[in-house]
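Please keep the sequence and the 3D view open while reading.

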Amino acid sequence: MSHKTDVVVIGAGPVSLFAVFELGLLNLKCHLIDNLDKIGGQCAELYPEKPVYDIPSRTRITGEELIGELMLQAKPFEPVFHLNQQADSIEKVGDEWKLTTSSNTVIQARCIVIAAGAGSFVPRRPPIKNIELFENTSVFYSVRDKSKFKDKKILIVGGGDSALDWTNDLASIADVTLMHRRKEFRASPDSVTKMLELEKNNKIKFVYGQLDSLSGNEKILNAVKYKHEDEEFSIEVDYLLPFFGLKMELGPIANWGINLHENLIKVDTEKFETSVPSIFAIGDINTYPGKLKLILSGFHESALMAQKCFAYCYPDKKNVFRYTTSSKDLHKKLGV
Ligand SMILES: Cc1cc2nc3c(=O)[nH]c(=O)nc-3n(C[C@H](O)[C@H](O)[C@H](O)COP(=O)(O)OP(=O)(O)OC[C@H]3O[C@@H](n4cnc5c(N)ncnc54)[C@H](O)[C@@H]3O)c2cc1C
């Protein structure tokens with residue numbers, strides 16, 4: 001898939017969503033890319049139900065509510081989202097950038113805005129030799145197409161929400177075994193109760209253990225060895241789904257030739273531009289003297305970044321600064 005836009009934004013966290021609004025005020029269109037399967041960055045992934053108290057004029061708003069409000073604010077500017085994919089590589093084509101994602105989506109734009117937070121959320125791999133040989137054929141860290149698992153032998157490993165939710169969900173279509181070190185779980189009490197009920201009714205199996213090694217032919221897994229209290233066991237499986245949580249990695253951006261400082265992107269504080277002209281960095285991913293990793297800092301950075309993007313996208317036009325209270329153009333877009 002190939003697309004053309006004014007600005008491509010890496011990340012779909014709170015700062016990116018506000019950037020869509022600020023860029024939209026200046027008639028700049030955006031495409032956004034996120035590795036996660038949902039919009040909202042840390043707010044949605046790490047603390048959807050926690051209240052935040054330092055968003056100006058909101059005395060209290062949960063992570064999820066904040067993302068909902070930011071989406072409403074961005075909506076009139078018609079952002080296009082490309083989820084479940086990582087921004088992988090960039091190439092300069094004339095004045096523009098051509099960005100390619102891990103799903104081979106190609107987006108051409110005049111400016112790139114990196115709002116990648118602490119990096120991509122990526123799954124933690126179990127520490128087993130050769131696991132990468134089976135990844136994406138027999139080992140999956142997320143479920144995108146349930147039908148693949150129909151009538152198969154599935155081993156799910158972990159004790160958090162993802163492990164228990166998928167155990168409960170896949171129990172009706174597959175032969176599911178859940179493995180965890182102990183019978184105490186970090187998942188929500190409702191999911192734990194449901195899983196224990198399924199086990200009692202022999203709809204799933206539960207085993208104590210820790211993964212040890214994988215065996216199979218080529219990329220196809222056929223058995224998993226695991227250990228419990230110094231004893232070794234083996235289980236026949238078609239698919240392994242380890243849910244060991246997510247970690248954050250700067251990933252491919254580190255190889256784009258941009259000046260970094262301790263895995264953060266150095267920017268100026270006038271335009272929040274990086275060492276590479278027309279590539280900007282806003283939000284938690286950037287660093288400058290006095291930087292505070294707060295959502296409100298990212299909002300301010302978005303407003304200044306947008307001014308410079310306008311200059312790149314419309315070099316012959318003068319940007320007339322207008323308050324939103326008196327911008328007739330904006331009122332038309334918002335339908336007010
Ligand atoms: C528990 C907790 C409580 C917090 N409380 C507050 C608070 O009260 N007030 C406050 O102001 N801040 C708070 N924060 C911090 C706040 O959440 C961050 O400052 C904010 O999320 C930064 O937003 P962002 O858009 O820059 O990045 P993020 O929210 O981190 O979003 C970045 C997104 O970019 C994606 N991404 C990264 N690299 C790539 C790539 N190569 N390709 C595709 N996608 C990529 C990631 O998957 C992620 O979704 C809190 C943080 C935590 C963890």
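## Terms and basis

Two strands are said to pair if DSSP finds at least two bridges between them. Strands (E, at least two residues) and helices (H or I, at least four residues) are DSSP runs, numbered from the N terminus.

The model is predicted: local features need pLDDT of at least 70, side-chain atom pairs count only at pLDDT 80 or more, and totals for chains, interfaces and linings use all residues. Residues are numbered from 1 along each chain as its sequence is written, and side-chain values use heavy atoms, with hydrogens and water left out.

Strand β16 (residues 220-228) is joined by 6 bridges to strand β17 (residues 231-236), and the two run antiparallel. Within this pairing, Y226 has F233 of β17 as its bridge partner. The two strands form a hairpin with 2 residues between them, and E229 in the turn has a positive phi of about 45°.

Strand β16 also pairs with β15 (residues 210-217), in the antiparallel sense and over 7 bridges. Here L214 stands opposite V224 of β16. This hairpin, too, has 2 residues between the strands, and E218 takes a positive phi near 50°.

Strand β8 (residues 96-101) is largely enclosed by the rest of the structure, because 5 of its 6 residues are buried. Buried means under 20% relative accessible area, exposed means over 50%, and partly exposed lies in between (1.4 Å probe, protein chains only).

Strand β7 (residues 87-93) pairs with β8 in the antiparallel sense over 6 bridges. In β8, W97 is the bridge partner of K92. The hairpin of β7 and β8 has 2 residues between the strands, with G94 at a positive phi near 60°. On β9 (residues 106-109), 4 bridges connect to β8, again antiparallel. The partner of W97 in β9 is A109. Between β8 and β9 the hairpin has 4 residues, and N104 in that turn has a positive phi of about 65°.

## Aromatic pairs

The whole structure contains 13 aromatic pairs. Rings of Phe, Tyr and Trp (its six-membered ring) pair if their centres lie within 6.5 Å; planes under 30 degrees apart count as stacked, over 60 as edge-to-face, and the rest as tilted. F21 and F77 form an edge-to-face pair, at 5.6 Å centre to centre and 75° between the planes. F21 lies in helix α1 (residues 14-25) and F77 in the loop between α3 (63-74) and β6 (80-82), so the pair ties together parts that are 56 residues apart in sequence. Both F21 and F77 are buried.

F310 counts as buried because its relative accessibility is 8%. Y314, at 24%, counts as partly exposed.

## Lysines over rings

The charged end of K317 sits over the ring of Y314, 4.4 Å from the ring centre. A charge sits over a ring if NZ of Lys or CZ of Arg is within 6 Å of the ring centre and within 35 degrees of the ring normal. K308 is placed likewise over the ring of Y312, with its charged end 5.0 Å from the centre.

## Ligand site

Of the 31 residues around the ligand, D34, Q42, Y47, A87 and D284 come nearest. A residue counts as near if one of its heavy atoms lies within 4 Å.

An N or O atom in the side chain of Y47 is 2.5 Å from an oxygen atom of the ligand. Such a polar contact is a pair of N or O atoms within 3.5 Å; within protein, one must be able to donate a hydrogen and the other to accept it, and residues adjacent in sequence count only if both atoms are side-chain atoms. Taken alone the ligand exposes 1,000 Å², and the protein buries 87% of that. Accessible areas come from the Shrake-Rupley method with a 1.4 Å probe; for residues, only the protein chains shown count as cover.

## Two serines

S16 is in helix α1 and is buried, with a relative accessible area of 0%. Its side chain reaches the backbone oxygen of G11 at 2.9 Å.

S172 is in the loop between α5 (161-170) and β13 (175-180). With a relative accessible area of 65%, S172 is exposed. A polar atom of the S172 side chain lies 3.4 Å from the backbone oxygen of D169. The C-alpha atoms of S172 and K152 are separated by 11 Å, and the two residues are 20 apart along the chain.
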